[in-house]
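Hi,

Here's the structure I said I'd pass along.

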Amino acid sequence: MLNICLCFHDAGGSYHEHALTTLVSVFENTAGFVCAHIVSDETFSAAAREKFEALGERYGQGMRFYNASDALPQELLTAIPAHFGRGSFYRIALPDILPDDVETALYMDCDVIADTDIAPLFGLAAPKMLIGGALDPSILTESHDETAYMLRLGADPDCCVNSGVLLMNLKLFRQEHQGFKKFALEMLQNNELRFPDQDVISCYISRHKELFLKLPENYNLCVGYKDRGFRRPEYGKGKLIHYTGPKPWNYDFPMGIFYWKYKARLHPAHEVFSLMENLREDRRQYLYRFILGDNKELRRLRRRMQLCTKGLWQTLLDRIFPARRKKRGEIKTDSAVSSN
């Protein structure tokens, strides 16, 4: 059995939809039996839980649910910066939240899409591995500022993990690392952290380097870094795609197609097309400005191309769903034809 875990705080009542999309991608591509451990809190509604249960039944996979409202001490919750939210820290408490029979688990953020079988990833775990993860791309490249920041915190650049995908040895945490939450609290209270949960984990495993398993980047491809989101989709095929930065449900960029691919397994096609069509144009312009910079000629050319593409997109949707044209009055009803 492959144990995976997703954690979230569903304050707006809709974030769980992204967790469902993540699960669809795992279930679609993994041949073995998967048990999904869903960790949330009082914000997780009964209606949302029913969606997860139905998804598990549909794919013949397991679902377990946990209320993490009391999993973290109040002083730790108070220390978490408000714009990150407590859901980001539930992964810190997984050794206490999940039952003892779950000894190894793959934690995944809700903005991760698994376009591959996750079973081989579990095969990489060693008995004395505490945490496995891919290094954060800002450390792997020329980001001297990020590297200097992590060094000031006491982290080793070779242990600066991106915390969106973590292979965790929960059994070893319970046996030998019960002070992990206390360490997290001290880090939060004594430092101004840029990415609190990720910085805590990186600093902790830097003190236990021999227990860290460095995973290949294809097990956590951070497409929000630099121009990765605008590469051809082939770049992400067969990988675990992590939407750091701009999210595909808000922004329009090529690598977002993987999110919509599995979203379409979850909802009827016309609903997915409608969501895609309603991506706000001003947000798309933000991304185009990121690519084109201040070149006004290129930006004018992009605008003309965008208008042409929008016209083709509208035509395609109208052909597939004639009701759209009727709503706009472009197709006459029988009564209108007879009156003429």
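Sorted by class, the lining of the largest cavity comes out as four nonpolar, three polar and three charged residues. Keep in mind that this is a predicted model. The residues doing the lining are Asp136, Ser138, Ile139, Glu146, Met150, Cys160, Val161, Gln198, Asp199 and Ser202. Three helices, α6 (137-140), α7 (144-153) and α10 (196-206), each put in at least two of the lining residues, and α10 gives the most, with three. As for volume, there's about 40 Å³ of space in there. With a cut-off of 30 Å³ or more, the structure holds one cavity.

Next up is helix α1, residues 16-29. What span should you expect for its 14 residues at 1.5 Å a residue? The answer is 20 Å, and the C-alpha atoms at the ends of α1 are 20 Å apart, so the two agree. α1 is also mostly covered, with 12 of its 14 residues buried. The buried set runs His16, Glu17, His18, Ala19, Leu20, Thr21, Thr22, Leu23, Val24, Ser25, Val26 and Phe27, so you'll find both Glu17 and His18 in there under the 20% relative accessible area limit for buried.

Last one: glutamate 234, which sits in the loop between β9 (221-222) and β10 (240-242). Is glutamate 234 buried or exposed? Its relative accessibility is 51%, and the cut-off for exposed is over 50%, so glutamate 234 counts as exposed.

Cheers

Methods. Residues numbered from 1 in each chain as written. Predicted model: local features only at pLDDT ≥ 70, side-chain atom pairs only at ≥ 80, totals over all residues. Heavy atoms only, no water. 1 Å grid on protein atoms, 1.4 Å probe; cavity = no way out; pocket = protein on both sides within 12 Å on 5 of 7 lines; lining within 4 Å. Points joined across faces, edges and corners; volume = space filled by probe spheres on them. Helix = DSSP H or I, 4+ residues; strand = E, 2+ residues; numbered from the N terminus. Nonpolar A, V, L, I, M, F, W, Y, C, P; charged D, E, K, R; others polar. Expected span 1.5 Å × (residues − 1). Buried < 20%, exposed > 50% of the residue type's maximum accessible area, 1.4 Å probe, protein only.
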